[in-house]
Amino acid sequence: MENLQITQWCAHFIRRQVQPGDFCIDATMGNGNDTLLLSSLCGPSGRVLAFDIQETALNNTKERLHKADAPSNYTLILDSHVHMGQYASPGSVSCIVFNFGYLPGGDHKMATRKATSIQALNQALSLLKKGGLLSLCIYSGGDSGFSERDAILSWLKALPSRQYLVIKSDYYNRPNHPPIPVLVIRL
């Protein structure tokens, strides 16, 4: 792994998970990096749903996908990730990606919040197929706070070990509250 940023670390495992024809969700669209990755991996026979509540995120993602000449296998949805269950059937999704925090380059006051994040994570678990992957990038600190991080970590720790494998990593020697990458696999 050349680039050891959190998003690249998670992308390494997403690349191993997603196959052509898969159905995937980018729960926090942001600037479209994960949407583009999922779209490329799923290929023309696959499908990607991407959610964000900010129109800026939707426009940035649309532009990124257009510039990259991504397959037209995606739907960009201006809606909260807490509603993803209205767009997908239980047990149908191969991979769901979350980046918790705020839109890079955007308004830091517009960030994910613990109540809706936990609600969205519960939805995500119901949508994952057996062998499916949740990829989480948990950012915390002065802008995004610690209550969301702590709530998500508590939620992860309480997942039944016979149903889910939770792998939490950290950047142990980095200062200033480094992001936390987490993978959840439905067994």
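Residues are classed by relative accessible area: buried means under 20%, exposed over 50%, and partly exposed in between, with a 1.4 Å probe and protein chains only. The model is predicted, so local features need pLDDT of at least 70, side-chain atom pairs count only at pLDDT 80 or more, and totals for chains, interfaces and linings use all residues. Residues are numbered from 1 along each chain as its sequence is written, and side-chain values use heavy atoms, with hydrogens and water left out.

The protein chain has 5 helices and 7 strands. Helices (H or I, at least four residues) and strands (E, at least two) are DSSP runs, numbered from the N terminus. Along the sequence the order is α-β-α-β-α-β-β-α-β-α-β-β. Of the 187 residues in the protein chain, 49% are buried. Contacts (heavy atoms within 4.5 Å) were also examined. Among those in the protein chain between residues at least 6 apart in sequence, 72% join residues at least 24 apart. The accessible surface of the protein chain is about 9,500 Å², and carbon and sulfur atoms hold 49% of that area. Accessible areas come from the Shrake-Rupley method with a 1.4 Å probe; for residues, only the protein chains shown count as cover.

A nonpolar core is a set of buried Ala, Val, Leu, Ile, Met, Phe, Trp, Tyr and Cys residues joined through side-chain atoms within 4.5 Å. The largest such core holds 31 residues. Within this core, I25, M84, I96, F98, L134 and L136 touch the most other members. Two or more residues each come from β1 (23–26), β2 (47–52), β4 (93–100), α4 (114–127), β5 (128–138), α5 (147–157) and β7. Helix α4 gives the most, with 6 residues. Leaving aside residues up to four places away in sequence, I25 touches L38, L49, F51, M84, A88, V93, C95, I96, V97 and L127.

The structure holds 0 disulfides (pairs of cysteine sulfur atoms within 2.5 Å). C10 is in no disulfide; its nearest cysteine sulfur, that of C137, is 3.5 Å away. C10 is buried, at 2% relative accessible area. The sulfur of C42 is 3.6 Å from that of C24, the closest cysteine sulfur, and this is too far for a bond. C42 is also buried, at 0% relative accessibility.

A search of the whole structure finds 3 salt bridges, each a side-chain nitrogen of Lys or Arg within 4 Å of a carboxyl oxygen of Asp or Glu. D22 pairs with K129, with closest N and O atoms 3.8 Å apart. D22 lies in the loop between α1 (6–17) and β1 and K129 in strand β5, so the bridge ties together parts 107 residues apart in sequence. D22 is buried at 11%, whereas K129 is partly exposed at 30%. K67 and E63 meet at 3.0 Å, N to O. Both lie in helix α3, 4 residues apart, about one turn of the helix. K67 is exposed at 64%; E63 is partly exposed at 44%. D150 bridges to R149 at 2.9 Å between the closest N and O atoms. R149 is buried at 18%, and D150 is partly exposed at 37%.
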